[in-house]
Amino acid sequence: MSITRKKLRVEYSEMKAKKNILQRLDEGVVIGDGGFVFALEKRGYVKAGPWTPQATVEHPDAVRQMHREFLRAGSDVMQAFTFYASEDKLENRGNDATVSFSTASINKAACDIAKGVAAEGDALVAGGICQTPTYLSGNAKKECQEEFRKQVQVFIDNKIDFIICEYFEHVEEAEWAIEVAKESCLPVAATLCIGPEGDMHGISCGDCAVRMAKAGADIVGVNCHFDPSTSLKTVKLMKEALQLAGLERHYMVQPLAFHTPDCNKQGFIDLKEFPFALEPRVLTRWDMHNYAREAYNMGIRYIGGCCGFEPYHVRAVAEELSKERGKMPAASDKHDMWGAGLRMHTKPWVRARAGRDYWENLQPASGRPYAASMSQPDCWGVTRGHDSLVQKKGATTDAEIKTACMLKKS
């Protein structure tokens with residue numbers, strides 16, 4: 001049954017009195033968190049492939065610990081682990097999450113965990129919705145929005161602070177998500193996982209930004225699929241288009257923590273190393289200092305991370321912007337700026353590295369003598385409307401894998 005707009009209304013009088021996300025962005029920088037999906041997969045709590053978040057009910061302590069580490073590192077937002085938690089995704093291609101648990105219980109547990117940790121500091125709680133198998137399969141707007149409403153209702157029932165519509169390859173689906181999120185009367189952020197070339201239907205990133213803003217997004221930007229350098233180029237184009245259209249919005253960026261100079265339009269999921277051999281591409285904490293400063297200087301005030309971002313990356317962002325924020329993160333108690341703690345090392349050549357000049361100018365080696373510096377993306381070029389992207393509840397068969405391999409060769 002469709003959830004009505006009336007049921008989606010939020011009783012603001014019941015919410016805890018605190019500055020909301022838009023007020024905080026008006027006053028200064030807000031630091032997001034990192035990539036739960038990749039971080040928890042590496043720790044053995046999320047399955048690569050479906051990437052769905054049933055860990056919120058299977059392993060709540062693991063999810064809680066990730067939130068705590070990001071909070072300690074300086075995150076101002078605890079984003080509930082609701083990525084890929086739409087009902088159609090939780091039952092896609094043999095996933096039994098909706099049978100073993102339920103869409104509502106997974107999303108509710110995510111909200112409960114995030115709210116509990118946020119209360120340990122001065123953090124806000126965000127609920128997130130993202131691209132759906134329903135859209136990729138070519139289904140209509142009404143069906144897609146029903147998937148979004150199931151999650152948004154849980155967010156409202158659990159009184160989260162704002163909603164993030166993120167990880168959309170197509171601005172059309174993002175618009176549909178924003179419309180549902182706005183029914184809640186909560187602030188809405190919207191980010192696409194696109195680069196400077198625009199979305200997967202060929203719509204420029206500037207036009208994408210204008211369309212998201214006109215759909216009702218209060219905060220506009222990008223997340224995932226590309227590294228900080230590429231993502232900042234994309235937000236720059238978005239900002240220019242919004243200014244030209246006379247639309248004022250806050251800007252947001254949550255990129256990968258992997259270098260992606262060789263990516264095509266599809267981003268890192270087209271790299272041959274995705275997802276199990278990306279480690280040589282990981283950005284250093286010093287790269288994060290540069291990213292944070294460049295983002296801030298561009299006028300972006302919501303600065304966070306996505307896949308590959310670990311708490312130490314977020315700490316580096318918080319340290320770089322400590323003067324603007326008026327504070328250092330709690331985790332900096334065990335980390336002196338620019339390696340100054342190395343002054344305490346026993347070896348003199350390591351003590352000699354205790355300074356900004358050394359780390360800021362270092363070109364790290366990979367230690368892989370036969371490794372290429374760049375990869376060759378797969379470049380399949382398929383998107384919504386292609387038969388290979390039609391999704392189903394049943395598990396992927398051996399015949400379907402064979403067909404995919406043949407499509408790859410062609």
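This is a predicted model: local features need pLDDT of at least 70, side-chain atom pairs count only at pLDDT 80 or more; totals for chains, interfaces and linings use all residues.
What share of the contacts in the chain between residues at least 6 apart in sequence join residues at least 24 apart? The share is 78%.

**The chain as a whole**

The chain holds 18 helices and eight strands. Its radius of gyration is 21 Å, close to the 22 Å that the globule rule gives for 410 residues, so the chain is as compact as a globular protein of that length. Along the principal axes, the C-alpha atoms fill a box of roughly 70 × 60 × 45 Å. Of the 410 residues, 55% count as buried.

| Helix pair | Axis separation | Crossing angle |
|---|---|---|
| α4 and α14 | 8 Å | about 20° |
| α7 and α9 | within 9 Å | roughly 40° |
| α10 and α11 | within 9 Å | roughly 20° |

Take α4 and α14 to begin with. Their axes lie 8 Å apart and the helices pack at an angle of about 20°. The two helices are therefore roughly parallel to each other. Their crossing is right-handed. On the α4 side, the meeting residues are M66, E69, F70 and A73. On the α14 side, they are P311, V314, R315 and A318. By class, this contact has six nonpolar residues, two charged ones and no polar ones.

Next come α7, residues 103–118, and α9, residues 141–157. Their axes come within 9 Å and cross at roughly 40°. That angle makes α7 oblique to α9. The crossing of α7 and α9 is right-handed. Helix α7 brings A104, N107, K108 and C111 to the contact. Helix α9 brings Q151, V154 and F155. Four of the residues in this contact are nonpolar, two are polar and one is charged.

The remaining pair is α10, residues 171–182, with α11, residues 205–215. Here the axes come within 9 Å and cross at roughly 20°. That makes α10 roughly parallel to α11. The crossing of α10 and α11 is right-handed. From α10, the contact takes in V171, E172, A174, E175, I178 and K182. From α11, it takes in C208, R211, M212 and A215. The classes in the contact of α10 with α11 are six nonpolar, four charged and no polar residues.

**Single residues**

Where is E320 placed? E320 sits in helix α14, which covers residues 311–320. Is E320 buried or exposed? E320 has a relative accessible area of 14%, so it is buried. Leaving aside neighbours within four places in sequence, E320 is in contact with H289, A292, R293 and W338.

H59 is found in a loop, between α3 (55–58) and α4 (60–73). H59 has a relative accessible area of 34%, which means that it is partly exposed. How far apart are H59 and Y167, in sequence and in space? They are 108 residues apart in sequence and 24 Å apart in space, C-alpha to C-alpha.

**In brief**

The chain of 18 helices and eight strands is as compact as a globular protein of its length. The crossing is right-handed for α4 with α14, for α7 with α9 and for α10 with α11. E320 is buried, whereas H59 is partly exposed.

Technical notes
Residues are numbered from 1 along each chain as its sequence is written. Side-chain values use heavy atoms; hydrogens and water are left out. Axes are lines fitted to C-alpha atoms, for helices over the stretch in contact, and angles run from 0 to 180 degrees between N-to-C directions. Helices (H or I, at least four residues) and strands (E, at least two) are DSSP runs, numbered from the N terminus. Angles under 35 degrees count as roughly parallel, over 145 as roughly antiparallel, 65 to 115 as roughly perpendicular and the rest as oblique. A crossing is left-handed if the near helix is turned anticlockwise from the far one by less than a right angle, and right-handed if clockwise. Contact means heavy atoms within 4.5 Å. Ala, Val, Leu, Ile, Met, Phe, Trp, Tyr, Cys and Pro count as nonpolar, Asp, Glu, Lys and Arg as charged, and the others, Gly among them, as polar. The radius of gyration is taken over C-alpha atoms; the globule rule is 2.2 Å times the number of residues to the power 0.38. Buried means under 20% relative accessible area, exposed over 50%, partly exposed in between (1.4 Å probe, protein chains only).
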